[in-house]
Amino acid sequence: YLAKARKDVDINIAISFLDCLCKKSMVDVARAQLEVSQKLCQRAATLVEEGKRPISELKDVEASVASD
């Protein structure tokens with residue numbers, strides 16, 4: 001009985017560790033996506049200021065940043 005309990009604990013620890021690694025990767029990807037979206041927003045703002053893009057495009061990009 002004790003050996004089975006120990007194996008169960010070992011398995012649960014391994015699963016929790018892998019879950020943490022997966023979630024850390026997801027956070028890293030989300031941060032990278034936010035950074036890309038922020039750069040796109042800055043670029044869109046510049047293009048709108050220069051009159052090369054409509055304000056609606058900037059608003060779309062800003063909405064994307066807000067959802068990231």
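## Basis of the model

Residues are numbered from 1 along each chain as its sequence is written, and side-chain values use heavy atoms, leaving out hydrogens and water. In this predicted model, local features need pLDDT of at least 70 and side-chain atom pairs count only at pLDDT 80 or more, while totals for chains, interfaces and linings use all residues.

## Packing of the two helices

Helix α1 covers residues 2-49 and helix α2 covers residues 55-67; helices are DSSP runs (H or I, at least four residues), numbered from the N terminus. Their axes come within 9 Å and cross at roughly 165°, the axes being lines fitted to C-alpha atoms over the stretch in contact, with angles from 0 to 180 degrees between N-to-C directions. The helices α1 and α2 are therefore roughly antiparallel (an angle over 145 degrees).

The contact (heavy atoms within 4.5 Å) involves residues including L34, L40 and V48 of α1 and I55, L58 and V65 of α2.

## Salt bridges

The model has 7 salt bridges, each a side-chain nitrogen of Lys or Arg within 4 Å of a carboxyl oxygen of Asp or Glu. One of them joins D19 and K23 at 3.2 Å, N to O. These two residues are 4 apart in helix α1, so about one helical turn separates D19 from K23. Another pairs E57 with R53 at 3.4 Å, N to O.

V29 lies in helix α1 and is exposed, at 57% relative accessible area (exposed means over 50%, with a 1.4 Å probe and protein chains only).

Technical notes
Angles under 35 degrees count as roughly parallel, over 145 as roughly antiparallel, 65 to 115 as roughly perpendicular and the rest as oblique. Buried means under 20% relative accessible area, exposed over 50%, partly exposed in between (1.4 Å probe, protein chains only).
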